[in-house]
Amino acid sequence: IFKNEILQMLKKLSLFELKQNDDAHVLFARKCDTCGRRGHNFQVCPCQKFKFTFSGQAEKVYLAGTFTCWFPTLELTKQPPNNNFTNEIALPPSKYSYRYLVDDQWVINENDEFS
């Protein structure tokens with residue numbers, strides 16, 4: 001009984017998700033609504049969402065920067081009606097450098113619509 005009371009209390013605090021199946025109760029650290037990470041105090045998450053937008057003709061656009069160790073792993077998706085490429089990510093407060101990989105060519109967008 002004590003175990004169930006603790007599980008229910010943690011669930012009420014919204015810090016954890018309680019899932020159960022036929023064999024056991026499984027307690028997961030809740031995902032942060034801002035950054036999607038588990039296991040930190042999401043109620044005071046310092047992360048902020050940033051929207052990266054690339055305007056121009058391209059087939060594929062990726063984002064790389066100090067937050068990805070310069071690996072172009074974040075793909076931007078083409079958004080109608082203006083066909084801009086966008087991606088929104090959550091980052092902790094810091095100073096970052098970044099650039100785009102556009103059709104296998106590195107590009108720094110001087111008129112970046114970064115918000």
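Two strands are taken as paired if DSSP finds at least two bridges between them. Strands (E, at least two residues) and helices (H or I, at least four) are DSSP runs, numbered from the N terminus.

The model is a prediction in which local features need pLDDT of at least 70 and side-chain atom pairs count only at pLDDT 80 or more, while totals for chains, interfaces and linings use all residues. Residues are numbered from 1 along each chain as its sequence is written, and side-chain values use heavy atoms, with hydrogens and water left out.

The chain contains one helix and eight strands, arranged from the N terminus as α-β-β-β-β-β-β-β-β. Of its 115 residues, 26% are buried, where buried means under 20% relative accessible area, exposed over 50% and partly exposed in between (1.4 Å probe, protein chains only). With contact defined as heavy atoms within 4.5 Å, residues 24 or more positions apart account for 51% of the contacts with a separation of 6 or more.

Within the sheet, strand β5 (residues 74-79) is joined to β6 by three bridges, and the two run antiparallel. Gln-79 stands opposite Asn-84 in β6. The loop between β5 and β6 holds Pro-81, and the peptide bond from Pro-80 to Pro-81 is cis, with omega near 5°. Asn-83 is found in that loop as well; its phi is near 60°, a positive value in a residue other than glycine. Asn-83 counts as partly exposed because its relative accessibility is 39%.

Strand β6 (residues 84-91) includes Thr-86, which is buried at a relative accessible area of 12%. Leaving aside residues up to four places away in sequence, Thr-86 touches Lys-51, Phe-52, Thr-53, Leu-76, Thr-77 and Gln-79. Pro-92 is placed in the loop between β6 and β7 (98-102) and is partly exposed, with 30% relative accessibility. The C-alpha atoms of Pro-92 and Lys-49 are 8.9 Å apart, although the two residues are separated by 43 residues in sequence.

Five bridges connect β4 to β7 in an antiparallel arrangement, and Val-61 has Val-102 of β7 as its bridge partner. Strands β7 and β8 are likewise antiparallel, with three bridges; Leu-101 is partnered by Trp-106 in β8. The hairpin of β7 and β8 has two residues between the strands, and in it Asp-103 takes a positive phi near 45°. Asp-103 is partly exposed, with a relative accessible area of 35%. Arg-99 lies over the face of Trp-106, at 4.4 Å from the ring centre; the criterion is NZ of Lys or CZ of Arg within 6 Å of the ring centre and within 35 degrees of the ring normal.

Rings of Phe, Tyr and Trp (its six-membered ring) are paired if their centres lie within 6.5 Å, with planes under 30 degrees apart counted as stacked, over 60 as edge-to-face and the rest as tilted. By this rule there are five aromatic pairs. The ring centres of Phe-54 and Tyr-100 are 5.4 Å apart and the planes lie at 55°, so this pair is tilted. Because Phe-54 lies in strand β3 and Tyr-100 in strand β7, the pair ties together parts 46 residues apart in sequence. Both Phe-54 and Tyr-100 are buried. Phe-67 and Tyr-96 form an edge-to-face pair, at 5.6 Å centre to centre and 80° between the planes. This pair links Phe-67, in the loop between β4 (61-65) and β5, with Tyr-96, in the loop between β6 and β7, 29 residues apart. Tyr-96 is partly exposed, at 26% relative accessible area. One aromatic cluster is formed by Phe-52, Phe-54, Phe-67, Tyr-96, Tyr-98 and Tyr-100.

A nonpolar core is a set of buried Ala, Val, Leu, Ile, Met, Phe, Trp, Tyr and Cys residues joined through side-chain atoms within 4.5 Å. The largest has 12 residues, among them Phe-50, Phe-85, Ile-89 and Val-102. Strands β3, β4, β6 and β7 are the elements that give two or more residues to this core.
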